[in-house]
Amino acid sequence: MENKMPLIGEKFPEMDVVTTQGAKKLPDDYSGKWFVLFSHPGDFTPVCTTEFFSFAQRSDEFKKLNTELIGLSVDSKISHMEWINWIHDNLKIDIKFPIIADPMGNVARNLGMIHAESATSTVRAVFIVDNKSTVRAILYYPLEIGRNISEILRMIKALQMVDKFKIATPANWPNNELIKSAFINPPPATMNDIPERMKKYRGYAWWLTYQDAPEEEVKEAKNLSKTE
């Protein structure tokens, strides 16, 4: 396993891991699928428990986006399994995704997940990896702040729209304050393309034009972005 944290646009590093669902080889076992690898500071901790409940509650929404979830902490597999049982018995929800056991911290160190203030805690890191095993987004949260699951879903949906339609998405898409649910067009390739840009699209300037996004895609994105 290469001792280098992957960057956005790089291939996710190959690694063999032990999980609550058996041995897995990353990223090969998820070929053709997107996956979200997220770390948590420790089992049986309050913020992490709320996060796992939220991830589990919305796991079907990730699957609709062809995306699998993978948890990770420096706890043992036995600890993970007992925590899963506790969540099932007390919170009445099943954790159906695997959790990587990393008691020596090797995986966490290689992915830059170890907290600077504690050699035994992983920060709340999130790696969004696409169906070609390329890292598309990396998020980091401090120990004290739980993640926004809706934002992770929104990012996956937006990234898939970028791939499908070759566009960009504005701030807060699909609820942008300027262009609402529209897609932003890529900039013109040459000076000769500039005069046609404002004729072909709506926009504020030749370098800021937009087009309507498909209604079904917008509806799904808005549902994913909802917070209760």
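W86 sits in helix α3, residues 77–91; helices here are DSSP runs of H or I with at least four residues, strands are E runs of at least two, and both are numbered from the N terminus. This is a predicted model, where local features need pLDDT of at least 70, side-chain atom pairs count only at pLDDT 80 or more, and totals for chains, interfaces and linings use all residues. Residues are numbered from 1 along each chain as its sequence is written, and side-chain values use heavy atoms, without hydrogens and water.

W86 is partly exposed, at 36% relative accessible area (buried is under 20%, exposed over 50%, partly exposed in between; 1.4 Å probe, protein chains only). Together with F44 and L91, W86 makes a nonpolar surface patch of about 270 Å² accessible area.

Next, salt bridges, meaning a side-chain nitrogen of Lys or Arg within 4 Å of a carboxyl oxygen of Asp or Glu. The whole structure has 14. One of them pairs R124 with E51 at 2.8 Å, N to O. R124 is in strand β6 and E51 in helix α1, 73 residues apart. Both R124 and E51 are buried.

K164 and E217 form another, at 3.0 Å. K164 lies in helix α5 and E217 in helix α7, so the pair ties together parts 53 residues apart in sequence. K164 is exposed at 53%, whereas E217 is buried at 12%.

Then D212 and R202, at 2.4 Å. D212 is in the loop between β10 and α7, and R202 in strand β9, so this bridge ties together parts 10 residues apart. D212 is exposed at 58%; R202 is partly exposed at 43%.

How values were computed. Patch = residues over 30% accessible without salt bridge, like charges linked within 9 Å, V, L, I, M, F, W, Y side chains within 5 Å. Areas by Shrake-Rupley, 256 points an atom, 1.4 Å probe, with all protein chains shown as cover.
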